[in-house]
Amino acid sequence: MLSLRCIVRNLRLQSCLPFRKSWVSTSQQPSGSGYALVQHSHPLLFHGRCLSQGPKSSSKISLLTRVGVTLLLGGGLLGSWVYVYNEKQQKLRQQRVEQLKKVALGHGNFSLLDHRGQRKTKKDFLGNWVLLYFGFTHCPDICPDELDKLSAVVKELDKDTSLPSVLPIFITVDPERDNVEALARYVKDFHPRLLGLTGTPEEVKEAGRDYRVYANAGPKDEDGDYIVDHTILIYLVTPDGLFLDYYNRMKSQEQITESVRNHIKNHVLLPQQ
């Protein structure tokens, strides 16, 4: 029975080889170990195994080739799409800047005194991002709230070291009471970079008119005190000196911060004239 099994096994192995006679051992070994020795030592058996693995290896190489080509083509298409997208966004931003240049807002060159008594013009702030607010120091609640919000926005933006610093500016709409000394006391309660500006009634009116700011002093009470009704907006001005955006009282600190951050990151500098 054992001999019959050995013969069948030999016949199966011989059928897989191109030269059957040269592979079969002439010695008859009753144990399986002798047969295994012939099987592993005979070179044609190794050659047969290599031939049987050829198609599988070829298929693996073919699959890797297809994957590589697909990745190359996909990467090329993605790179082309990114390039076209960036070019389109660049053109849109440039168009936005050109539109802002045509807007009759913030194109003047005001001249005012800061809270240190130094003369400042709009040209002095070119190259800086500016958050600008018009108000007055005797304002009971709205102006302090808005300046607190403005200060918090600037403080939050300062944490992002990839962004340039933003200059907060406060321009009074009440020059009769808000002189240099009054502004110097007032700005201490807010961001340390907050710059207060004042001037003559005509100078202040010209600066407000440049940004279409409405300001009207109400009637005086028996103590001579009065409230000034005025536009409540925070203006964002670019380093080119152009008005870019504004934020009303409904905008939160987080919304303003995110908007300013996006404007700065996507800003396109104007070409030098």
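How exposed is Tyr 246? Tyr 246 turns out to be partly exposed, at a relative accessible area of 44%. On the scale used here, buried stands for under 20% relative accessible area, exposed for over 50%, and partly exposed for what lies in between, with a 1.4 Å probe and protein chains only.

A word on the ground rules. The model is predicted, and local features need pLDDT of at least 70, side-chain atom pairs count only at pLDDT 80 or more, while totals for chains, interfaces and linings use all residues. Residues are numbered from 1 along each chain as its sequence is written, and side-chain values use heavy atoms, with hydrogens and water left out.

Aromatic rings come next. A pair of aromatic rings is described by the distance of the centres and the angle of the planes. Rings of Phe, Tyr and Trp (its six-membered ring) pair if their centres lie within 6.5 Å; planes under 30 degrees apart are called stacked, over 60 edge-to-face, and the rest tilted. By this rule there are nine aromatic pairs. One of them joins Tyr 235 and Phe 243, an edge-to-face pair with 6.1 Å centre to centre and 70 degrees between the planes. Phe 243 also pairs with Tyr 246: the ring centres are 6.5 Å apart and the planes at 20 degrees, so this pair is stacked. Tyr 235 is buried at 3% relative accessibility, and Phe 243 is buried too, at 11%. Together with Phe 134 and Tyr 211, the residues Tyr 235, Phe 243 and Tyr 246 make up one aromatic cluster.

The charged end of Arg 177 sits over the Tyr 226 ring, 3.6 Å from its centre. To qualify, NZ of Lys or CZ of Arg has to be within 6 Å of the ring centre and within 35 degrees of the ring normal.

What about empty space inside? Rolling a probe the size of a water molecule over the atoms shows where empty space is left. A cavity here is a set of points, on a 1 Å grid over the protein atoms alone, where a 1.4 Å probe fits but cannot get out; lining residues have an atom within 4 Å of a point. Grid points are joined across faces, edges and corners, and the volume is the space filled by probe spheres set on the points. The structure holds one cavity of 30 Å³ or more, and the largest cavity has a volume of about 90 Å³. Among the residues lining the largest cavity are Phe 110, Lys 122, Phe 125, Ile 169, Tyr 211 and Gly 241. The lining splits into eight nonpolar, three polar and one charged residue.

As for cysteines, a search of the whole structure turns up zero disulfides, a disulfide being a pair of cysteine sulfur atoms within 2.5 Å. Cys 139 has the sulfur of Cys 143 as its nearest cysteine sulfur, 3.2 Å away, and that is too far for a bond. Cys 139 is buried at 8%, and Cys 143 is buried at 0%.

Ala 207, in helix 7 (residues 201-210), is buried at 0% relative accessibility. Its C-alpha lies 7.8 Å from that of Ser 111, although Ala 207 and Ser 111 are 96 residues apart in sequence. Arg 212 sits in the loop between helix 7 and strand 6 (215-217); Arg 212 is exposed at 59% and has a positive phi of about 55 degrees without being a glycine. Phe 190 belongs to the loop between helix 6 (180-187) and strand 5 (195-198) and is buried at 13%. In strand 5 itself, Thr 198 is buried at 4%.

Note on methods. 1 Å grid on protein atoms, 1.4 Å probe; cavity = no way out; pocket = protein on both sides within 12 Å on 5 of 7 lines; lining within 4 Å. Nonpolar A, V, L, I, M, F, W, Y, C, P; charged D, E, K, R; others polar. Helix = DSSP H or I, 4+ residues; strand = E, 2+ residues; numbered from the N terminus.
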